[in-house]
Amino acid sequence: MAKPVDLVEVWRGDLLECVHQGHAVVCDDTGQIVEAWGDPSKMIYPRSSCKMIQALPLVESGAADGLSDQHLALASASHNAAAIHTDLVRTWMSGLGLDDDAFRCGPAMPMDQEARHALIRADQAPRQIHNECSGKHAGFLTLTKHLGAAADYELIDHPVQQAVKSAFEDVTQETSPMYGIDGCSAPNHACTVHGLARAMAFFASAQDRSDTRSTAAARLTKAMATCPEFVAGETRTCTDLMRAMDHKVAIKTGAEGVFVAIIPEKRLGIAIKVMDGAQRARDCVIAALLVRLGVLDPQHPAAIARMNGPVLNRRNTVTGYIRAHATLVA
């Protein structure tokens, strides 16, 4: 088994102060590895990077027939809980005849500064709709209603989660050996880094096929790429880089150093795992690989900020920089 390799360097002055290690795979539409760093067989939890997979049963069942691209982007999102996110989720839930109590994701303070400050000024506690996963859970509830299933949709033996597991194993082409409970209480199934990249390549080539699952995957990919502000939000890496790539690529973060990309024009999928879970490293690696594959302009400000970002002190003095390891950019 290969060990993790150096992926990101953090320099202070002329001294290499920190190195982030991990694994990365680029996979083609046949499921084969095009390039890899570290160990493609490393078993990981995809965390929120696989939300578009978790949304497949919603779309392929027909439950999403009345939903817009914005709804589907939210179903695949880790959103900031800005007004554009919570307003749409609230309307969505109202259309289902449900309210905040139907969620199983738990309350969370909004990541959006304006929304967070508004709650504090009003002396209001956050609700479940403010959870970054509330769009995904609205999708789960839509499928639950479509199936006529019980309200506890987050449980592993619920029809919604069984459908998610089946879809996950199909597109990764792996039998998941275990699952963990994610921060939003939904099951999160383990797979290899290669399996996750293979799933992203399935999405990237979905427009070439006409079966139900592929049609659903193509629709979700389009929704994410077309509506990046609903996948994350302002200043977030997902949103910034999808805009920088002219809405031609769909990308999605996951907790603990995971990031994926779907590149339809090249029929390629990317999956990365930074072993220490660092966000700065995760963002740097995905930007570097997107540049390497020719879909992100290295001179775009969003790319420069992630790939060669300055390290600033509290006086905004540049003390060093973060950069992708030479093996990613060669």
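Trainee: What should I keep in mind about the model itself?
Mentor: This is a predicted model, in which local features need pLDDT of at least 70 and side-chain atom pairs count only at pLDDT 80 or more, while totals for chains, interfaces and linings use all residues. Residues are numbered from 1 along each chain as its sequence is written, and side-chain values use heavy atoms, with hydrogens and water left out.

Trainee: How is an aromatic pair described, and how many does the structure hold?
Mentor: A pair of aromatic rings is described by the distance of the centres and the angle of the planes. Rings of Phe, Tyr and Trp (its six-membered ring) pair if their centres lie within 6.5 Å, and planes under 30 degrees apart count as stacked, over 60 as edge-to-face and the rest as tilted. The structure holds three such pairs. In one of them the ring centres of Trp11 and Tyr321 are 6.4 Å apart with the planes at 15°, so this pair is stacked. The pair links distant parts of the chain, with Trp11 in strand E1 (residues 5-12) and Tyr321 in strand E12 (residues 318-324), 310 residues apart; helices (H or I, at least four residues) and strands (E, at least two) are DSSP runs, numbered from the N terminus.

Trainee: Are Trp11 and Tyr321 buried or partly exposed?
Mentor: Buried means under 20% relative accessible area, exposed over 50%, and partly exposed in between, with a 1.4 Å probe and protein chains only. Trp11, at 17% relative accessibility, therefore counts as buried, whereas Tyr321, at 30%, counts as partly exposed. Another pair is that of Phe202 and Phe203, whose ring centres are 6.0 Å apart and whose planes stand at 80°, so the pair is edge-to-face; both Phe202 and Phe203 are buried.

Trainee: How many disulfides are there?
Mentor: A disulfide is a pair of cysteine sulfur atoms within 2.5 Å, and by this rule the count is zero. For Cys27, the closest cysteine sulfur is in Cys191, 12 Å away, which is too far for a bond. Cys50 is in no disulfide either, the nearest cysteine sulfur, that of Cys191, being 7.6 Å away. Cys27 is buried at 0% relative accessibility, and Cys50 is buried with a relative accessible area of 2%.

Trainee: How should I read the salt bridges?
Mentor: Side chains of opposite charge can pair when their charged atoms come close. The rule applied here asks for a side-chain nitrogen of Lys or Arg within 4 Å of a carboxyl oxygen of Asp or Glu, and the structure holds 16 salt bridges. Among them, Arg47 and Asp182 meet at 2.8 Å, N to O. Because Arg47 lies in the loop between strand E4 (43-44) and helix H1 (51-54), and Asp182 in the loop between E5 and strand E6 (187-189), the pair ties together parts that are 135 residues apart in sequence. Arg47 is partly exposed at 22%, while Asp182 is buried at 10% relative accessibility.

Trainee: What separates Arg90 and Asp87 in helix H4?
Mentor: Arg90 and Asp87 form a salt bridge of 3.4 Å, N to O, and they are separated by about one helical turn because they are three residues apart in helix H4 (residues 83-95).

Trainee: Which residues of helix H11 are buried?
Mentor: Helix H11 (residues 237-244) is mostly covered, with six of its eight residues buried, namely Thr237, Cys238, Thr239, Leu241, Met242 and Ala244. These buried residues pack (contact means heavy atoms within 4.5 Å) against several elements, including helix H9 (212-226), strand E8 (250-254) and helix H12 (279-292). H11 is followed by Asp246, whose phi is positive, near 55°.

Trainee: Which residues form the nonpolar patch on the surface?
Mentor: Met43, Tyr45 and Met178 form the patch, with about 260 Å² of accessible area together. Patches are made of residues with over 30% relative accessible area and no salt bridge, like charges being joined within 9 Å and nonpolar side chains (Val, Leu, Ile, Met, Phe, Trp, Tyr) within 5 Å, and the areas come from the Shrake-Rupley method with a 1.4 Å probe, where for residues only the protein chains shown count as cover. Met178 sits in the loop between helix H7 (159-172) and strand E5 (179-181) and is partly exposed, at 43%.
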